[in-house]
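Visitor: I would like to go through this model with you. May I start with the sheet and move on from there?

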Amino acid sequence: MSASKSEIVAVQKALRSLGIVIKTVRLYPHGHPSRTRALQDALENFSAALLGQDMLLLKVHKDYFGYEDQPLTENNPALKDLARALFLCKVQSLAFLAAITEDDIESFANYLSLDTDELIRRGGLEHLLATSN
């Protein structure tokens, strides 16, 4: 199955907003207006990318994401950086469920904002996500 241009654009926008959330989580405390706005934008963007689907499944490669067996290539260094950061954390795929919440996005961003060595010391991203409330 091949994704339409509008689907690809929506997924890229959702990923860009996730990158912004990760940066705001590093810079601003919980409850700060900039952090809150970034989370709201990310939720809106993921909701748009998930429209009509139960799950958004992405493959993580060294410097790009794959969606519906297509590379999400975009001349956006932020997406490449995000893919690389996930790849270094040994993430092979991402699944975003239709029931995603701002809290889910914030927790994910908090874990990704950890130093890679600290993340691995804590058992890795998959372990942290599986054991979080």
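Visitor: Which residue is the bridge partner of V60 in strand 2?
Guide: The partner of V60 is F65. This is a predicted model, in which local features need pLDDT of at least 70, side-chain atom pairs count only at pLDDT 80 or more, and totals for chains, interfaces and linings use all residues. Residues are numbered from 1 along each chain as its sequence is written, and side-chain values use heavy atoms, with hydrogens and water left out.

Visitor: How many bridges join strand 1 and strand 2?
Guide: Strand 1 (residues 55-60) and strand 2 (residues 65-67) pair over 3 bridges, in the antiparallel sense. Strands are DSSP runs (E, at least two residues), as are helices (H or I, at least four), and both are numbered from the N terminus. Two strands pair if DSSP finds at least two bridges between them.

Visitor: In what order do the strands lie in the sheet?
Guide: The order is 3-2-1-4, in an open sheet of 4 strands with antiparallel pairing. Strand 3 (70-72) and strand 4 (93-97) are the edge strands, each pairing on one side only. From one strand to the next, the twist averages 35 degrees.

Visitor: And which strands does helix 2 lie across?
Guide: Helix 2 (residues 33-50) lies across strand 1 and strand 4, and runs at about 100 degrees to strand 1. Axes are lines fitted to C-alpha atoms, for helices over the stretch in contact (heavy atoms within 4.5 Å). Angles run from 0 to 180 degrees between N-to-C directions.

Visitor: Turning to the rings, how many aromatic pairs are there?
Guide: The structure holds 2 aromatic pairs. The rings of F46 and F96 have their centres 4.4 Å apart and their planes at 35 degrees, so this pair is tilted. F46 belongs to helix 2 and F96 to strand 4, 50 residues apart. F96 also pairs with F108, edge-to-face, at 6.2 Å centre to centre and 80 degrees between the planes. Rings of Phe, Tyr and Trp (its six-membered ring) pair if their centres lie within 6.5 Å; planes under 30 degrees apart count as stacked, over 60 as edge-to-face and the rest as tilted.

Visitor: Is F108 buried or exposed?
Guide: F108 counts as buried, at 7% relative accessibility. Buried means under 20% relative accessible area, exposed over 50% and partly exposed in between (1.4 Å probe, protein chains only). Both F46 and F96 are buried.

Visitor: What does E106 touch?
Guide: E106, in helix 4 (residues 102-112), touches H30, R35 and L39, not counting residues up to four places away in sequence. E106 is buried too, at 8% relative accessibility.
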